[in-house]
Amino acid sequence: ESLQDQLSQLNENLKTLQREIELIMPDIAGTFVIDNMNDLDQAQRRLQSFLKSHTSQRSIALKLLQLLNKLEVVEKQKVGELFGKETVISQRFREITKEKYSQVYYDQEDHQIKVEQKSGKVLLASQLSSGTYDQLYLAIRLGLGEKLLTKKTGFFIMDDPFLKSDSDRLKKQLELLIKMSEDGWQIIYFSAKDEVQSYLAEKKVTVFNVKSS
């Protein structure tokens, strides 16, 4: 009776072990039964193979994560280099805003673009008025273009980029675009605003009127 009890307990232990193995390797569920020592030995070999395979995969995954982390740091540095007090983007933003803002920089910790006022106060881009936000967007766009093309000039296609700008800001931004065109940049500017057309015509910029049918 004692041996029968021990055998029953052993069978229960084997069933428990089988369930635990199936939780680890669900692909063998229903196809693998542990009834004797040979089955137990086979289960051990399968678990060892499983452990070896997943240890190797984990090692590869950790190495990949390390590489991705290094790439992330490098990319953040590249983005950060585009911004800062002496960068083209900050220079353009100072020029557009008449020195009201001293610099544009990228906060690598917060992953956000921030601007610094002449007084030293720092603001998130999202905290700017819609008109100043347009000016910042223009400065970044022009700065990126100049950075990508180094000392060469290229072209911009713009579709009413300053809809939220008041009359004064609008003229300042158009003046900057005119200055860039004089420096060799080609700019195609689409607008439905009569104010834009009138101002550009005054500056002897080529204007084409396209009427919708």
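Which residues in helix 3 meet Lys-172, Gln-173, Leu-176, Lys-179 and Met-180 in helix 5? In this contact, helix 3 contributes Arg-92, Glu-95 and Ile-96, where contact means heavy atoms within 4.5 Å. The structure is a predicted model, in which local features need pLDDT of at least 70 and side-chain atom pairs count only at pLDDT 80 or more, while totals for chains, interfaces and linings use all residues. Residues are numbered from 1 along each chain as its sequence is written, and side-chain values use heavy atoms, with hydrogens and water left out. Helices (H or I, at least four residues) and strands (E, at least two) are DSSP runs, numbered from the N terminus.

The axes of helix 3 and helix 5 come within 10 Å of each other and cross at roughly 130°. Here axes are lines fitted to C-alpha atoms, for helices over the stretch in contact, and angles run from 0 to 180 degrees between N-to-C directions. Helix 3 is therefore oblique to helix 5; angles under 35 degrees count as roughly parallel, over 145 as roughly antiparallel, 65 to 115 as roughly perpendicular and the rest as oblique. The residues of this contact comprise 3 nonpolar, 1 polar and 4 charged. In this division, Ala, Val, Leu, Ile, Met, Phe, Trp, Tyr, Cys and Pro count as nonpolar, Asp, Glu, Lys and Arg as charged, and the others, Gly among them, as polar.

Arg-92 of helix 3 is buried, at 10% relative accessibility. Buried means under 20% relative accessible area, exposed over 50%, and partly exposed in between (1.4 Å probe, protein chains only). When residues up to four places away in sequence are not counted, Arg-92 touches Ala-139, Glu-146, Leu-176 and Met-180. Other buried residues of helix 3 include Ile-89, Ser-90, Phe-93, Arg-94 and Ile-96. The cover over the buried residues of this helix includes helix 2, strand 1, strand 2 (112-117), helix 4 (130-148) and helix 5.

Helix 5 (residues 167-182) also packs against helix 6 (residues 194-202), at an angle of about 45° and with the axes 11 Å apart. Helix 5 is therefore oblique to helix 6. Helix 5 passes helix 6 in a right-handed crossing; a crossing is left-handed if the near helix is turned anticlockwise from the far one by less than a right angle, and right-handed if clockwise. On the side of helix 5, the contact is made by Ser-167, Leu-170, Lys-171, Leu-174, Glu-175 and Ile-178, and on the side of helix 6 by Glu-195, Val-196, Tyr-199 and Leu-200. These residues divide into 6 nonpolar, 1 polar and 3 charged.

The backbone angle phi was examined next. Most residues other than glycine have a negative phi. Just after helix 3, Lys-98 takes a positive phi of about 55°. Glu-99, which is not a glycine, has a positive phi of about 70°. Glu-99 is found in the loop between helix 3 (88-96) and strand 1 (101-107), and at 44% relative accessibility it counts as partly exposed. Asp-160 also has a positive phi, near 40°. This residue lies in the loop between strand 4 (155-159) and helix 5 and is buried, at 13% relative accessibility.

A pair of aromatic rings is described by the distance of the centres and the angle of the planes. Rings of Phe, Tyr and Trp (its six-membered ring) pair if their centres lie within 6.5 Å; planes under 30 degrees apart count as stacked, over 60 as edge-to-face and the rest as tilted. The count comes to 4 aromatic pairs. One of them joins Phe-162 and Tyr-189, whose ring centres are 6.0 Å apart with planes at 40°, so the pair is tilted. The pair links distant parts of the chain, 27 residues apart: Phe-162 is in the loop between strand 4 and helix 5, and Tyr-189 is in strand 5 (residues 186-190). Phe-162 is buried at 2% relative accessible area, and Tyr-189 is buried at 18%.

Helix 2 (residues 37-82) contains Ala-61, which is partly exposed with a relative accessible area of 36%. Leu-82 is also found in helix 2. Leaving aside neighbours within four places in sequence, Leu-82 is in contact with Thr-87, Ile-89, Leu-144 and Lys-147.
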